[in-house]
Amino acid sequence: MSRPCRIHGICGPNSLCRVNHTGRRCTCAPGHERVDRSDWSRGCKPIFNPDFCSNNTRVRFQKLARANFYGYYNLEFENYTFERCQRKCLEICSCKGFQFRFIEDKGYFNCYPKLRLVNGYRAAGDIHLKFPQDSQFSSIRPERSRLQCPAANNYELQRIYTRSNGDRLLKFLLIFALVIGGIETMAVLLVWLFVIRSRRDNGDDSKAYHLAATGFRRYTYAELKKATRNFREEIGRGAWGSVYKAVLPGERVGAVKRLMESNQGEAEFLAEVSTIGKLNHMNLIETWGYCAEGKHRLLVYDYMEHGSLADNLSNGKLDWRRRFDIAIGAARGLAYLHEECLEWVLHCD
């Protein structure tokens, strides 16, 4: 994996970035073509129908060797078989593919469904992309037509049209009834689909993972309240709220920051969360999800098992070499925020 390819959005969505002797190079993922020939940042678009939510859509998976799309997977399922991981991607209609990776320190495979194909790069490992069953992208090649029609074989077809003398009024009424019936059928079908979709979004936990324009999972307040045991164990406090230890589904330990109640609307909060979702750097703590429900505003982060930086600096256990490394890491994170990332970040704290 090449470090220059870790800058967010360098090649745009649905594309891969790699580095060779000439510098960075972008290519479209299989089954995609460039949106703008003069601007790689706009990425690529699918040349197939990307709607996998239809019951009539049959899909297949195609392996993309030595590639990955870092970030935006939102989901992580531990100790999964390949077949089970494949079924999980099929259950989530917005899933574009999945990564199946062996975790060496645990001795089993993890499953990572991908809801967006962004920040692609060449890496050790494979990713399996989801396509319609009848798509064959490798056979698509633009060719010129070479058909020739000899003049000796040309002949004129005999076309004889007969006028029907049926009752025009009866035909009009029949067409009118068919049109009205079709409109009513479409209306009933749309209402039925809306009700089914609403029930599925509200009741099916496996479909509750969605992108929501932020790149994170959206948690409910009840989920985070249960995960933190009613916000029992406080592990940190700042000017904008407190941080609590949480045990999330799948026995993942995380940190939940409960922001102070404010008059900030949900749209403003989601806009800020979306900005955080576009930041990817090894010296910035990873954000997992958020909650925007009523007046509640919460953020879910990766849990730092060794405690806060302030506690480690004050207890005298860190030598000066380690303190210097921490300072360099913080400086690199700030340099990324100020000069490398595509989003403008305002530092108030």
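In the predicted model, C85 is buried, its relative accessible area being 0%. The sulfur atom of C85 lies 1.9 Å from that of C111, and the two residues are joined in a disulfide. Because the torsion about the S-S bond of C85 and C111 is about 70 degrees, this disulfide is right-handed. C85 belongs to helix α1 (residues 82-91), whereas C111 is located in strand β8 (residues 108-114), so the pair ties together parts that are 26 residues apart in sequence. C111 is likewise buried, with a relative accessible area of 0%.

A further disulfide links C89 and C95, with a separation of 2.1 Å between the sulfur atoms. The torsion about the S-S bond of C89 and C95 is about -100 degrees, and the disulfide is therefore left-handed. Burial was examined for each of its two residues. For C89 a relative accessible area of 0% was computed, which places this residue in the buried class. C95 is also buried, and its relative accessible area is 0%.

The pair C11 and C26 forms a disulfide as well, in which the sulfur atoms are 1.9 Å apart. The link of C11 and C26 is left-handed, with -70 degrees about the S-S bond. C11 is found in the segment before β1 (15-20) and C26 in strand β2 (residues 23-28), so this pair ties together parts that are 15 residues apart in sequence. Both C11 and C26 are buried.

With a sulfur-to-sulfur distance within 2.5 Å as the criterion, the count of disulfides in the model comes to four. Among them are the link between C85 and C111, the link between C89 and C95 and the link between C11 and C26.

Accessibility was also computed for two other cysteines, C93 and C291. C93 has a relative accessible area of 21%; since the buried class requires a value under 20%, C93 is assigned as partly exposed. C291, in contrast, is buried, with a relative accessible area of 0%.

Key:
Residues are numbered from 1 along each chain as its sequence is written. This is a predicted model: local features need pLDDT of at least 70, side-chain atom pairs count only at pLDDT 80 or more; totals for chains, interfaces and linings use all residues. Side-chain values use heavy atoms; hydrogens and water are left out. Helices (H or I, at least four residues) and strands (E, at least two) are DSSP runs, numbered from the N terminus. Buried means under 20% relative accessible area, exposed over 50%, partly exposed in between (1.4 Å probe, protein chains only).
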